[in-house]
Amino acid sequence: MTDFSERLSNGTLSHMRQASVFLLALVAIVPGARAVEVGVASAVNSDAFGTPPGGLRGTKVLGDNVIYNERIETSGSGLVQVLLADGSTFTVGASSDLVIDEFVYDPNGGSGKLVASFGKGVARFVGGKLSKKRGGVTVKTPVGTIGIRGGIANIDLSSNPPVLSFLFGKDLTFTGKDGKTTRIHRSGYSMEIGSNGRTSVRRTTQSDLGNVQTAMTSRNQNGGIPTPPTSSQIEQSGLPRVNSRLGVVTTTPPRKPSPVEASKLSDPETDIIQTQVLQQQQTTEEIEVEEDDGETTVGETDEARVLRAGTGFFVSQSSTSVRDPGTQGIVGGPNGFDEVVVFTQDPDTAANTYRIWSGVADGETIYVFDPDDTVNEYYTQTVTAEGDIAENYSAGFIPDAPVLSGEIVQNARGQRITGEGFGFFLQFQAVEAGLEPEFNYGGTDYFYGLYGDATDFDAFDGSDTEKLRTYELHGDALTAFQLAYLDEADALVPAFSSALFLNPAVAAELGADFLSQVENSGLKILETSSQTLDGASYLTASMYVSDGTSTQKSFVSLSLGEITGSDGSLTLNGERRGGHRTDTGVSAGLYAGTVASLEGASGGGFFGSNADYLVLSPGGLEDGNTFTDGYVEVPSGTTVTDQMSGTMHVAELASEVDVSTLDRVDTTMTGYAAGVLESSVNYASPSIGPVLFNSTSTDGFSIAFDASNGTLYASLTVEDVNETDREINKYEISFGDPSGSGQSVYIDTDTYAAIETTGGAGTLLTTNDGEVVAPTSGTTPDSYIVPSTLVEGADDTLFASTDKCACEFLEWGYWGTKIEADDTKLAQGERFDTFHMGTWVAGEVTDSIDLPSSGDADYTGHAVGNVINNGAQYLASGKFTMSVNFGDRAAFATISDFDGRTMTSIPTEQTVASGNLFVGGLSGPAGLNGTLNASLVAGPNSNHEGVIGNFNAQHGSWSANGIVAGELD
């Protein structure tokens with residue numbers, strides 16, 4: 001590991017290669033002094049200027065002193081770097097200005113304060129000693145005040161909106177003019193500052209970095225020559241002959257080897273070990289080890305919760321036993337190992353970059369190399385009979401085993417994620433040790449370990465306002481190893497993925513390429529108190545849909561719930577929902593199960609002083625609970641126990657935003673829904689297969705948002721439009737709760753979700769005879785509803801050839817459910833039904849009487865929905881247009897390039913009790929037919945600014961349904 005200064009020199013000054021950089025000792029100064037130096041211009045070009053207080057504006061040159069309250073400005077091609085006495089630097093890009101308002105620094109104690117004003121342009125700040133303490137560095141800007149602790153940040157005021165990017169360090173805070181504060185804790189995230197002062201936090205993009213880098217690159221520089229030579233002059237100079245007219249030669253640098261930690265161990269079975277640590281390059285073959293002097297020193301001890309799979313796992317939900325739980329990610333619980341293990345630190349490594357701990361779990365010795373720093377890396381260990389231990393580690397790939405002389409008795413391989421007051425590891429014990437050890441990524445051959453300082457919520461580092469906390473979520477480590485692959489350099493690369501709560505067996509079917517495209521929303525925790533997380537709600541989701549062809553795969557998962565507890569110890573508890581389709585020719589799997597934060601050795605589900613870390617896992621592992629996948633028709637080769645699984649996901653605090661800055665309002669919208677039913681009844685011989693279900697009026701879907709409580713309630717009604725199902729005519733499905741009871745989370749207009757209402761209330765089936773059937777007693781439907789905006793970019797591939805409607809005044813997305821029904825009203829007495837990724841759309845539907853009575857309007861948007869193609873099922877998208885003649889109350893609509901088909905309709909307005917409804921038949925080539933329902937909705941500029949609706953179409957063995965959304969051209 002490199003220290004802070006090494007990281008700076010290696011990673012933050014490369015953009016200054018065109019400028020000379022040197023270090024000068026500076027004089028500490030106090031505010032209010034006249035003509036006192038606060039720093040020097042350590043990099044500069046001729047288009048940088050300084051204006052001292054009361055003085056004249058002049059050109060800055062290299063080595064110029066920077067005076068207290070001097071305004072530093074750059075032109076459109078200017079660049080200057082200001083170096084301060086504590087080691088802090090401001091690199092100011094083109095068209096910028098900077099003033100050091102206050103600088104007090106005690107080099108002996110490292111205390112002091114830095115206050116600067118940055119008025120416009122682009123700058124990068126690299127923190128020195130003053131930035132290591134909270135409040136040590138403050139930068140005032142026209143949009144608000146920035147605080148930087150222990151790190152590096154980009155400030156881009158030239159962007160619209162302004163962007164602050166956190167590159168490295170402890171945290172970056174922004175306080176707007178309204179006094180509200182946003183904090184980023186995790187590097188790789190940025191804030192956008194809206195015109196209304198509201199901040200939004202997102203991942204840093206290449207555009208964010210590129211804009212700043214471009215602004216800080218010196219332009220119009222000629223290397224000191226007044227006039228650069230022309231191409232002709234170079235040709236005549238003879239230089240090409242000197243260079244032998246060689247072409248450009250490029251070489252690929254070799255992979256940077258990873259460091260090795262090497263140690264000398266006494267008997268591996270003893271509780272106290274003697275080690276010496278030596279850092280080397282991975283390519284080093286021989287490692288020098290200091291001899292043990294025979295003295296025994298007692299090291300510190302710490303406790304970790306360690307879990308291991310057994311040879312079986314009794315599942316309480318189904319009274320069955322999983323035969324190979326470890327391969328499915330199911331650890332601990334019945335027949336597994338789940339205990340608190342005491343680890344002892346080797347005292348000789350206490351001051352080293354990596355401290356070595358050892359403990360015995362389930363009869364096996366585990367060695368933990370703890371960096372006492374924030375890392376996410378993969379490692380491989382080697383242990384010899386002589387007591388030597390070494391480890392190779394890397395953040396990008398799984399390293400080979402270290403080479404040690406002597407008899408190798410143990411190898412281990414795994415992943416660790418650590419931070420302040422937190423550590424988590426997945427470690428595989430080799431089934432055969434040696435120079436080329438063999439590993440089994442499943443069974444009983446691995447351990448999970450969790451250690452750290454549980455958050456004390458009685459002394460919680462709270463704030464004055466409720467926050468939205470966003471955590472970065474890591475993919476499941478077991479799946480990453482199970483699907484690891486060799487790259488072109490013959491390095492073993494883990495299968496990186498942001499998929500959440502995904503059965504490892506299903507992950508293998510989806511494949512590493514698909515999983516690499518999955519994104520997640522991060523973990524969002526919505527506080528209801530500024531002093532504790534007790535009572536807060538949470539939401540997280542992941543999703544991806546591949547292209548809309550017959551080879552499509554689709555996946556969506558989410559979890560939401562609450563944070564509760566007592567006696568200063570809190571845990572997260574919620575539900576797992578969603579579904580997948582691994583092949584268009586097989587049934588979708590719909591999700592159930594509970595999610596919880598994994599408790600540490602001393603209890604508590606959060607770690608660090610500010611609840612900085614937690615681990616999401618199946619809830620109630622110790623009681624025999626797992627995640628479950630349900631199929632109407634179980635895919636060939638999939639057993640009942642293959643449908644049970646578990647995953648682990650580490651969450652790291654990335655940012656905090658004031659709840660009061662979130663964009664959300666109390667509103668109710670209505671609209672349409674569509675989906676494809678898979679039912680055990682219809683799949684029985686003779687098979688009918690999947691069936692289209694659509695809503696038929698504007699009250700077929702409704703969604704109500706409660707901003708004050710951060711909740712929502714939604715309901716939909718879909719009908720068998722072609723009367724294909726053997727006995728069910730209608731489904732009514734409800735999501736969330738009007739009162740809010742942990743069944744929904746409403747964060748902002750882009751970020752919300754809901755699952756079934758408490759106990760499944762509001763979910764009913766109606767038979768063709770009008771009989772109402774409720775879900776089976778003792779079961780609840782496993783339902784979900786999400787907006788298309790919940791996971792950014794998740795369906796972009798689906799829309800690769802179609803532009804999504806921006807339609808910011810509309811809402812649309814996806815829904816699904818899994819329902820068990822057991823009733824004498826049913827012909828077969830029972831049925832099992834699922835909908836996977838149905839679609840919905842909603843808006844503020846305008847009453848017909850309020851629509852214009854004359855004129856025309858043209859709308860453009862998209863269509864998206866489900867396709868049944870000769871039994872195969874997949875999602876597709878297309879372009880949607882509609883022209884309305886208000887005088888005639890008629891329209892012409894087109895859905896084009898939807899799964900290679902174009903459909904048209906001439907809908908006319910129907911009389912309805914409220915709202916407006918246009919209905920027309922759909923037609924297309926070779927006898928394609930169907931129905932289009934549409935309604936005009938209000939937007940910010942008119943009461944007919946958009947259009948929403950749904951459709952269904954049939955053409956031989958091809959059929960489809962979905963929703964449409966558009967806005968005025």
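Start with Glu656 and Arg183, whose side chains form a salt bridge at 3.6 Å, N to O; the term means a side-chain nitrogen of Lys or Arg within 4 Å of a carboxyl oxygen of Asp or Glu. This pair ties together distant parts of the chain, with Glu656 in strand β45 (residues 649-658) and Arg183 in strand β16 (residues 181-184), 473 residues apart. Strands here are DSSP runs of E, at least two residues, and helices are runs of H or I, at least four, numbered from the N terminus. Both Glu656 and Arg183 are buried. Buried is under 20% relative accessible area, exposed is over 50%, and partly exposed is in between, with a 1.4 Å probe and protein chains only.

Before going on: this is a predicted model, where local features need pLDDT of at least 70, side-chain atom pairs count only at pLDDT 80 or more, and totals for chains, interfaces and linings use all residues. Residues are numbered from 1 along each chain as its sequence is written, and side-chain values use heavy atoms, with hydrogens and water left out.

Next pair: Asp370 and Arg355 meet in a salt bridge at 2.2 Å, N to O. Asp370 has 6% relative accessibility, so it counts as buried. Arg355, at 16%, is buried as well. Arg901 is partly exposed, because its relative accessible area is 21%. Through shared partners, salt bridges link Arg149, Asp171, Arg183, Arg469, Glu527 and Glu656 into one network. The whole structure has 34 salt bridges.

Now the helix. Which residues of α2 (residues 206-215) are buried? They are Asp208, Val212 and Ala215. Down the axis of α2 they fall within an arc of 65°, so they line one face; the arc is taken from the directions from the helix axis to the C-beta atoms. On the face turned away from that buried side sit the exposed residues Gln206 and Thr214. The buried residues of α2 pack against several strands, including β10 (122-126) and β18 (199-203), where contact means heavy atoms within 4.5 Å.

Last, the cores. A nonpolar core is a set of buried Ala, Val, Leu, Ile, Met, Phe, Trp, Tyr and Cys residues joined through side-chain atoms within 4.5 Å. The largest has 41 residues, and Met543, Tyr814 and Met837 touch the most other members. Strand β37 gives the most to this core, four residues. A second, separate core has 33 residues, among them Val80 and Leu157.
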